[in-house]
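Subject: Structure handover

Hello,

Here is the structure for you to look through. My notes follow below it.

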Amino acid sequence: MSALTGGEPGAGLDVSGLTVRYGGQLAVDNLDLSAPMGQLTGLIGPNGAGKTTTFNACSGLLRPTSGRVVLFGDDVTRKGPAARARRGLGRTFQRMELFTSMTVSENVALAREARQAGSNPLWQQVASPRQWATVRAATAEALDVCGIAGIAERIVGTLSTGQRRLVELARVYAGDFRMLLLDEPSSGLDKAESERFGAILRSLVTGRGLGILLVEHDMELVMTVCDDLYVLDFGELIFHGTPAETKASPVVRAAYLGSEEVMEAAGLAEHGVG
Amino acid sequence: MRELVPFIVIGLASGSLYGLAGLGLVLTYRTSGIFNFAHGAIAAAAAYLFFTLHVSMHWWWPAAAVVSIGVFGPLAGLVMERMARSLVSTRTATIIVATVGLLLFIQGFLYWRYGSAQKTFPEFLPTGTAFEITGVTVAWAQVINVAVGVGSFVGLYAFLRRTRVGVAMRAVVAAPDLLALTGARPARVRIASWVVGCTFAALTGILIAPTLTLNASLLSALVVQAFGAVAIGLFSSLPLTYLGGVVIGVGASVATRYLSARHGLSGIPGVVPFLVLIAMMLVTPARKLPRGAGRFEGARESGRRLPRPVLAGAVLLAGAFLIAVPHLVGPRLPVYSTALVFVIMFLSLSLLTRISGQISLAHAAFAGVGAATFSHFTVDFGYPWLIGLLATGLVTGLVGVVLALPAIRLSGLYLALATFGFGLLMETVVFQSWLLFGSQVNGVSARRPEFGPIHAGSSVDYYYVLLAIVTVTCAAMVLLRRARLGRFLRGMADSPTALTTTGLGLSITRVIVFAVSAFFAGLAGALFIGQVGQVSPITFTSYSSLLYLAALTVAGAVSGFVSSAFLAAGLLVVFPAYLSGVTVEVQSMLFGGTAVLAALVSDGAVDWKTLAARVAGRLDGAIARTDVRRRRTPVAARNAVAAAAARQP
């Protein structure tokens, strides 16, 4: 599967001056962020910091008040979610968006089918034999990579949260997206699953050259897998740097004050706050 | 200008009442998230109650008014609040079906109890002249209507600004989750808003009945005027809603002045509210419309498939029965033929609602277009039967595309309202045009097929033709569901967000499914006309659309995609033929009531286990209380006292 086709090499997702207002509430304030290809970029911050809002603006589900979203060098600010997906932007959801009445393999296959069909009335109705062969191969590979081939024929509505997370990941994998936005993909996973998950993510970035922007609460995972970190608080970017720099930052520590657990997990507490 | 004054006066009086109805609707929608399609039906029920008390039982009118507004209104509000509470976390479509079911139930009950003939509703308010403007007399009743409308609006506004409950109501509208944190009880607020909303409905019903005459469907349709007003208020603003009602009232009245004499346009004044509703739905950006309660995804029946041999056996048995029907049922054959037509209708509706998670309250209108078009093609243009049938399907498919235009942008409730407005517009204006039924009272006719061994004159032959088409339709539907389009449609019902973020252009998908569904509904209309000979537009009302949806929901609660179409057709068409008491009114009550129950039970709005546990709990409590009571009998009491005394050291 060709991962890097078209677009400028290295140029992944670039967000500049992104501002989102809900009524009088400023959810994201003038955010600059860039998630290049071949790299795992983390976006962290306390609850309500504006992470999911940023994702929604990036994937086109939400129209930003101002700012630009550039994908692989093209300005997509005015494009809808489907058009962005067809350019290679895939995402998962914190509150998972799955086809709960369908089987795991149907869920995974549908992502690739949706990309093939796009807005073409003919391809929305039938698949050509070649398209279908691609779908089958992509589905099989995705199920295998994510380790869920064993539950391929189960109905998604009957699965556990951890299994559903993997289905969502398999879906963006099968969809052949080059830039992935993953919204808390490891919540609900146990420790072993979480480690396996981190390994999958690393292999996607180094092996297939994808770009990943990751929102995650599991600090241990974030600190081990990410190359670059952005820290949001109340919609504002308060820090940008490597995981090591982030750990050392007093600003980040102050933002996380009160959530000792998170800091301990991330190794922030070792510097001693009080 | 002077000649317009009387029309403006009439328009102000009725518009003020539309605004009043709209206020109740907005208030309950915004505080509970449930849009009440039965709002007008509650108004109708109050008007009938007033009629019974005042006219039949000769009560003094203020006493009758107090009971039907002050007692019935709040009671209806309490019942509605209870229902709304159960529905609030279910799917949007379930909520719509539940309140539509309630509308059907109330309307059916009123028809059944009072008959369908219109009754003159006495003007109980003083009709004497209040004053004159430019020589036009204004009656006291009109002044009172406007005064009540304005007074209720001002009163509601003051209530929302000044009282604790009122302020809490506004908070619920703004942020329901936050309110619970402040210590105010959202439940109390919701009860208050439903009580106020339903009392407004009752008030509207009684005040407007003298001008509309007493007729259950006219009064229930009052809600459409309220829909228009609410749409002008963008489903949230109270002042704009009230103003919207006045604008619609005056607009319709003035339109009567100009258009009632013109042929072909005489229906226009009556449809001003639908036009307003449709226009608002077409131009308002979807994000400006408030999100109601309900969710799209989840809890859809799934995965519970019958084992293959069982399924194959059932299909074979059903097939054998259907083939044998003409030899089994004798003179009742036409009933079964009609039922087959309805199977196609229900499959087409089910494709939209059950498979794709869309909603249509205009399916009878598609069938109507199909019937009229088929008649033109085969009788007027002389097309061969099969060609005419397919061409009819294509025409209604195109109409489906026209309806899909609002569907592309809207979803859930707003889609339902747009289709409802479309159905009403077809029914009241478009059907009368020469393009469709024209102005003939008897409606249009069509030939039956005649080829090979098939004779047009034989009912049995036509039955088998219908059976063949039903078989083809079933096969097409099953294939469609399994094909790529079917997977997309099922995906769209589960999570439109997931589909669109993986690259599918959902607008195209929605247009396709509406076109396919309308194609088959058009076929049903065309085949229906061959079955009954002559069809008038009266068959294809919005009321029928609502009834079809309720029947399908009831059937769908207990059966699968294809089988529910057969079951619904059986319930709607065959069942009444065997039970003479089952008239349309009774069906309306049955389907409406059952649809409400089915909506409450499906999606876990009411969980049977919890309900059973609660009933068991109540029973336990009752038994315990009986125990206590038994202990309180003198002997038991004395024993207890003695026992207590004995235990004293």
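A residue is called buried if 20 or more other C-beta atoms lie within 10 Å of its own, exposed if 12 or fewer, and partly exposed in between, with C-beta atoms placed from the backbone. By that rule A:Asp176 is buried, as 22 other C-beta atoms lie within 10 Å.

Two points on conventions. Residues are numbered from 1 along each chain as its sequence is written, and chains are lettered from A and ligands numbered from 1 in the order in which they are written. This is a predicted model, so local features need pLDDT of at least 70 and side-chain atom pairs count only at pLDDT 80 or more, while totals for chains, interfaces and linings use all residues.

**The chains**

Chain A has 10 helices and 10 strands. Helices (H or I, at least four residues) and strands (E, at least two) are DSSP runs, numbered from the N terminus. Of the 274 residues in chain A, 48% are buried. Chain B has 26 helices and four strands. Its 649 residues are 51% buried.

Contacts are pairs of residues whose C-beta atoms, placed from the backbone, lie within 7 Å. In chain A, 68% of the contacts with a separation of 6 or more join residues 24 or more positions apart. For chain B, 79% of contacts between residues at least 6 apart join residues at least 24 apart.

**Positive phi in chain A**

A:Asp176 sits in the loop between helix H5 (161–174) and strand E7 (179–183). Its phi is near 60°, a positive value in a residue other than glycine. A:Asn30 also has a positive phi, near 50°. A:Asn30 lies in strand E2 (residues 25–35). It is partly exposed, with 14 C-beta neighbours inside 10 Å.

**The core**

A nonpolar core is a set of buried Ala, Val, Leu, Ile, Met, Phe, Trp, Tyr and Cys residues joined through C-beta atoms within 7 Å. The largest one has 291 residues, and A:Ala170, B:Ala21 and B:Val343 are among those that touch the most other members. Helix H21 (residues 506–532) of chain B gives the largest share of this core, 18 residues. Leaving out residues up to four places away in sequence, the contacts of B:Ala21 include B:His39, B:Phe200 and B:Leu222.

**Helices of chain B**

H18 (residues 459–482) and H21 of chain B pack at about 170°, with their axes 11 Å apart. Axes are lines fitted to C-alpha atoms, for helices over the stretch in contact, and angles run from 0 to 180 degrees between N-to-C directions. The two helices are therefore roughly antiparallel, a label for angles over 145 degrees. On H18(B), B:Tyr462, B:Leu466, B:Ile469 and B:Thr473 meet B:Phe520, B:Leu527, B:Gly530 and B:Gln531 of H21(B).

B:Val478 is also in H18(B). This residue is partly exposed, with 14 other C-beta atoms within 10 Å.

In H22 of chain B (residues 542–556), 15 of the 15 residues are buried, so this helix is largely enclosed by the rest of the structure.

**Between the chains**

The contact takes 31 residues from chain A and 26 residues from chain B. On the chain B side, helices H19 (484–494), H20 (496–500) and H21 each supply at least two residues. H19(B) gives the most, with seven residues.

Best wishes

Definitions and conventions: Two residues are in contact if their C-beta atoms, placed from the backbone, lie within 7 Å. Angles under 35 degrees count as roughly parallel, over 145 as roughly antiparallel, 65 to 115 as roughly perpendicular and the rest as oblique.
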